[in-house]
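Here is a short briefing to read alongside the model. Please keep the structure open as you go.

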Amino acid sequence: MTEERNARVARVGKVVSDKMDKTVVVAIERLVQHPLYKKGVKHTIRFKAHDENNEAHTGDVVKIVQCRPLSKDKCWRVSDILERAK
């Protein structure tokens, strides 16, 4: 039981919006190869993450972990701020 609980999905991304209260929007980019043309194409997915103390700001690189649903769109929370924006 404890092994499953501690093995939560974690991702690293960049904060693109911090205008909501206790919520940030984190964008995660990945490079995938186009199936026909074999060129690298950027795919971006955006997650809303819970930030209890409003510590993360736009441009910060953060680590988010999956948690229970906190609202309609929000089921991630900010665990660490890895790099501050300049």
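Contact here means heavy atoms within 4.5 Å. With that in hand, Ser17 touches Val24, Val25 and Thr58, not counting residues up to four places away in sequence. This is a predicted model, in which local features need pLDDT of at least 70 and side-chain atom pairs count only at pLDDT 80 or more, while totals for chains, interfaces and linings use all residues. Residues are numbered from 1 along each chain as its sequence is written, and side-chain values use heavy atoms, with hydrogens and water left out.

**The barrel and its strands**

- Strands (E, at least two residues) and helices (H or I, at least four residues) are DSSP runs, numbered from the N terminus, and two strands pair if DSSP finds at least two bridges between them.
- The fold to look for is a closed barrel of 5 strands, running β1-β2-β3-β5-β4 with mixed pairing.
- From one strand to the next, the twist averages 50°; axes are lines fitted to C-alpha atoms (for helices, over the stretch in contact), and angles run from 0 to 180 degrees between N-to-C directions.
- Strand β1 (residues 10–20) pairs with strand β4 (residues 61–66) in the antiparallel sense over 5 bridges, and Val12 has Lys63 as its bridge partner in β4.
- β1 also runs antiparallel to strand β2 (residues 23–33), joined by 4 bridges; Met20 is partnered there by Thr23.
- The hairpin of β1 and β2 has 2 residues between the strands, and Lys22 in the turn has a positive phi of about 60°.
- Strand β3 (residues 40–50) and strand β5 (residues 74–83) run parallel, with 3 bridges joining them; the bridge partner of Ala49 in β5 is Trp76.

**Buried residues and the core**

- Buried means under 20% relative accessible area, exposed over 50%, and partly exposed in between (1.4 Å probe, protein chains only).
- A nonpolar core is a set of buried Ala, Val, Leu, Ile, Met, Phe, Trp, Tyr and Cys residues joined through side-chain atoms within 4.5 Å.
- The largest such core has 11 residues, including Val15, Val26, Ile28, Phe47, Ile64 and Trp76.
- At least two residues of this core come from each of β2, β3, β4 and β5, and β2 gives the largest share, 3 residues.
- Val26, in strand β2, is buried at 0% relative accessibility; beyond four places in sequence, its contacts include Gly13, Val15, Phe47, Val62 and Ile64.
- Ile28 has contacts among which are Arg11, His43, Phe47 and Ile64, again leaving out residues up to four places away.
- Ser17 in strand β1 is buried too, with a relative accessible area of 19%.

**Salt bridges**

- A salt bridge is a side-chain nitrogen of Lys or Arg within 4 Å of a carboxyl oxygen of Asp or Glu, and the whole structure holds 3 of them.
- Glu52 and Lys22 form one, with their closest N and O atoms 3.1 Å apart. Glu52 lies in the loop between β3 and β4 and Lys22 in the loop between β1 and β2, so the pair ties together parts 30 residues apart in sequence.
- Asp73 meets Lys48 at 3.2 Å, N to O, which links the loop between β4 and β5 to strand β3 across 25 residues.
- Arg84 meets Asp60 at 3.3 Å, N to O, linking the segment after β5 to the loop between β3 and β4, 24 residues apart. Arg84 is partly exposed at 48% relative accessibility, whereas Asp60 is buried at 2%.
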